[in-house]
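Thanks for coming. I will go through one structure today, starting with charged side chains and ending with surface patches. Please have a look at it first.

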Amino acid sequence: MMLNFFDQFMSPVLLGIPLIALALLLPWILFPNPAARWINNRLITLQGWSISQATHQLFTPLNQGGHKWATLLISLMIFLISLNLLGLLPYTFTPTTQLSLNMAFAVPLWLATVIVGLRNQPTIALGHLLPEGTPLPLIPVLIIIETISLFIRPLALGVRLTANLTAGHLLIQLIATAVFVLLPLMPTVAILTASVLFLLTLLEVAVAMIQAYVFILLLSLYLQENV
Amino acid sequence: MLSRLVLVSANAAKNSSPLGAGLVQLSRLHTSPNSQAPVPPLPEKGGKTRHGIFPEELFQLLYPKTGVTGPYMLGAGLLTYFLSKEIYIINHETISAACMATVIIYSVKRFGPDVAAFADKLNEEKLQKAEEVKALAVASLAQAIEDEKKEQWGVEGQHLLFDAKRNNVAMLLETNWRERVHTVHNEVKKRLDYQIALQSLHRRMEQEHMVSWVEKNVVSSITPQQEKTSIAKCITDLKSLAKIQQAKATV
């Protein structure tokens, strides 16, 4: 089968069955449940340690009300990290390259932070629209700008994740194609390009984890303002 | 017949007492077919693998029929089959897969032992904390035993203390008794002295009385004639004495 560069971004369907459901569910089996034991094996120990470190990092700046969001946000982060990293393997489909999925994560969560803020402390939530210490003539303009920035947030969250992953995958494809084509023609150039590909792969691994973390971090920041 | 009695009474005890039902359940621990206790221990290491991904059991499975090189031939054959029949086509994904494989293998080889040691350290720390508590408890109990032994040794020497105290008390009692005897002695002496004084007073008074009576009688018995003669004698004596004295003085 000859792959074109668009196949990796099409939601896979086999005989009319959408396989994206499998792509979304199967990463679950990679994370074992902690057994009913006091001392576990290395995988569960490391998993528990890293989750507790991440939770501590993200939720120390938040107050008690924000800690209620910990389960949701940390499980979302684990989900995104696993989806991103599994997508780097060959012939896999990365669900997070689909804008629909990322917007489906970003918009409801962002909206939830805004509504929580407006319900519980409307004055403070609206007060975030005006940064401290702005000179008097600038106030109307700044409020408009801040409102626009507020409504851009979900778009930014979703599109950031989509764009980073899509661009990364596309770059890997293109440079791998370059290597593949150059290999019979000019092997040395192919080797150089392969080294570029190696560095790019490293970058993509980093980006995969960082983008997921940034998604959650920004959501936690929005939460911090509003809770 | 007695066994029937025992059975009937046991049954009655089971049904009546509040602990009876529980005691029956106690004897049936871990015997039902669904029981999972006690939980078997976790294996120390994961399953053995050859080259990181192929389980050792595959090699053991193929060994009797195809020997040591069997699984390798299987792998090479499969690869050749997929490539030659164009079931798997080499394309850009192969290159990117090779790149990804390099990254994964390098990171596992380089960071694997460190990560494993870190995970082991986390578990060790957990165990160590519990061990510390246990060691502390054991140490405090050992210290308690030492202190108790010291106390017992101390108690052995206590009889000396008791002897000293006993002697002390005996001495006090002795002193007290002696004081009292002394007091009694003094009192008795005072009484006796009183009696003696009384008697001597009595005798003296008798004596004085007798002397004064005798004197009175004597004085009263002196007649005026006798008194004149005695006075005249005294005068003549005095004159003679005065003469003698005068003679002595002139001589």
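In which helix do Arg191(B) and Glu187(B) lie, and how many residues apart are they? Both are in helix H6 of chain B, four residues apart, which is about one turn of the helix. Before I go on, note that this is a predicted model.

Arg191(B) counts as exposed because its relative accessibility is 52%, and the cut-off for exposed is over 50%. Glu187(B), with a relative accessible area of 29%, is partly exposed. The pair also belongs to a network of salt bridges that links Glu187(B), Lys190(B) and Arg191(B).

Helix H6 of chain B, residues 158-221, also holds Glu174(B) and Arg178(B), again four residues apart. Their side chains form a salt bridge as well, at 3.3 Å from N to O. Glu174(B) is partly exposed at 38%, while Arg178(B) is exposed at 54%.

Another pair is Lys189(B) and Asp193(B), whose closest N and O atoms are 3.7 Å apart in a salt bridge. They are four residues apart in helix H6 of chain B, so about one helical turn separates them. Lys189(B) is partly exposed, with 44% relative accessibility, and so is Asp193(B), with 38%. Over all chains, the structure holds 11 salt bridges.

Now the surface patches. Which residues form the negative one? They are Glu146(B), Asp147(B), Glu148(B) and Glu151(B). Glu146(B) sits in helix H5 of chain B, residues 92-156, and is partly exposed at 48% relative accessible area.

There is also a nonpolar patch, with about 790 Å² of accessible area together. Its members come from chain A and chain B, including Leu22(A), Phe31(A), Leu89(A), Ile104(B) and Val108(B). Leu89(A) is in the loop between helix H4 (70-87) and helix H5 (99-120) of chain A. At 34% relative accessibility, Leu89(A) is partly exposed.

Last, the annotation of chain A. An unreviewed UniProt entry lists several spans as "transmembrane region", among them residues 138-159 and 171-199. How far apart are the end C-alpha atoms of residues 138-159 of chain A? They are 30 Å apart, and the span is 95% helix and 0% strand. Residues 171-199 of chain A are 97% helix and 0% strand, with end C-alpha atoms 12 Å apart.

That is my last slide.

Notes
Residues numbered from 1 in each chain as written. Chains lettered and ligands numbered in written order. Predicted model: local features only at pLDDT ≥ 70, side-chain atom pairs only at ≥ 80, totals over all residues. Heavy atoms only, no water. Patch = residues over 30% accessible without salt bridge, like charges linked within 9 Å, V, L, I, M, F, W, Y side chains within 5 Å. Areas by Shrake-Rupley, 256 points an atom, 1.4 Å probe, with all protein chains shown as cover. Salt bridge = Lys/Arg side-chain N within 4 Å of Asp/Glu carboxyl O. Helix = DSSP H or I, 4+ residues; strand = E, 2+ residues; numbered from the N terminus. Buried < 20%, exposed > 50% of the residue type's maximum accessible area, 1.4 Å probe, protein only. Lys, Arg positive; Asp, Glu negative; His and termini not counted. Charge placed at Lys NZ, Arg CZ, Asp CG, Glu CD. UniProt positions renumbered as here; feature names shortened; annotations may be inferred.
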